[in-house]
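This report describes the structure shown below, from its overall fold to individual side-chain contacts. Please keep the sequence and the model in view while reading.

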Amino acid sequence: MLASILVLASSSGGVARGVVLLLAYSLGLGAAFVLAGIAFAHAMRMFRWVRSHYDVLRFASGGTLIVLGLLLFFNRDWWLRIALDQLFSKIGLGTT
């Protein structure tokens, strides 16, 4: 990409146009890296939260898997479907 901008800038004949093209390229590339750095900082904050609550998340996830497995094993998964349907109906997302 940079090579094509350099060729375009040299073929246009004007130094000012070449400077503008290289400036636009540099700003676009720099903006992408700045946005990636901001997103990475936010992601690291979320990872720290997950790390500090890891035991709670692990036990809650394990308990959920056990409950769902037991519901499926004893063919009582319809209880969950009814409960979710009632919950979704209360918040306006139910079936019509």
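## Basis of the description

Helices (H or I, at least four residues) and strands (E, at least two) are DSSP runs, numbered from the N terminus. The model is predicted, so that local features need pLDDT of at least 70 and side-chain atom pairs count only at pLDDT 80 or more, while totals for chains, interfaces and linings use all residues. Residues are numbered from 1 along each chain as its sequence is written, and side-chain values use heavy atoms, with hydrogens and water left out.

## Overall architecture

The secondary structure of the protein chain consists of 4 helices and 0 strands, in the order α-α-α-α along the sequence. The radius of gyration is 28 Å, well over the 12 Å that the globule rule gives for 96 residues, so the chain is more spread out than a compact globule. Here the radius of gyration is taken over C-alpha atoms, and the globule rule is 2.2 Å times the number of residues to the power 0.38. Along the principal axes, the C-alpha atoms fill a box of roughly 80 × 40 × 25 Å.

Of the 96 residues, 4% count as buried; buried means under 20% relative accessible area, exposed over 50%, and partly exposed in between (1.4 Å probe, protein chains only). The accessible surface of the protein chain comes to about 8,200 Å², and 75% of that area belongs to carbon and sulfur atoms. Accessible areas come from the Shrake-Rupley method with a 1.4 Å probe, and for residues only the protein chains shown count as cover.

## Helices H1 and H2

Leu8 belongs to helix H1 (residues 2–12) and is partly exposed at 40% relative accessibility. Gly18 is located in helix H2 (residues 15–52) and is buried, with a relative accessible area of 8%. Although Leu8 and Gly18 are 10 residues apart along the chain, their C-alpha atoms are separated by 7.7 Å. By contrast, Gly18 and Gly63 are 45 residues apart in sequence and 63 Å apart in space, C-alpha to C-alpha.

## Helix H3 and the residues after it

H3 contains 20 residues and spans 28 Å from its first C-alpha to its last, close to the 28 Å expected at 1.5 Å a residue. The expected span of a helix is 1.5 Å times one less than its number of residues. After H3 comes Asn75, which has a positive phi near 55 degrees.

## Salt bridges

Side chains of opposite charge can pair when their charged atoms come close. A salt bridge is a side-chain nitrogen of Lys or Arg within 4 Å of a carboxyl oxygen of Asp or Glu, and a search of the whole structure finds 2 of them. One joins Arg58 to Asp55, with the closest N and O atoms 3.5 Å apart. These two residues are 3 residues apart in helix H3 (residues 54–73), and are thus separated by about one helical turn. Arg58 is partly exposed at 42% relative accessible area, and Asp55 is partly exposed at 46%.

The other links Asp77 and Arg81, at 2.9 Å from N to O. Asp77 and Arg81 both lie in helix H4 (residues 77–90), 4 residues apart, about one turn of the helix. Arg81 counts as exposed, at 51% relative accessibility.

## Aromatic pairs

The structure holds 2 aromatic pairs. Phe73 and Phe74 form an edge-to-face pair, 4.9 Å centre to centre with 85 degrees between the planes. Phe73 is exposed at 65% relative accessibility, and Phe74 is exposed at 51%. Trp78 and Trp79 also form an edge-to-face pair, 5.6 Å centre to centre with 75 degrees between the planes. Trp78 is partly exposed at 36% relative accessible area, as is Trp79 at 46%.

Rings of Phe, Tyr and Trp (its six-membered ring) pair if their centres lie within 6.5 Å; planes under 30 degrees apart count as stacked, over 60 as edge-to-face and the rest as tilted.

## Nonpolar surface patch

Leu68, Leu80, Leu84, Leu87, Phe88, Ile91 and Leu93 form a nonpolar surface patch with about 610 Å² of accessible area together. Patches are made of residues with over 30% relative accessible area and no salt bridge; like charges are joined within 9 Å, and nonpolar side chains (Val, Leu, Ile, Met, Phe, Trp, Tyr) within 5 Å. H4 gives the most to this patch, with 4 residues. Leu87 lies in helix H4 and is partly exposed, with a relative accessible area of 46%.
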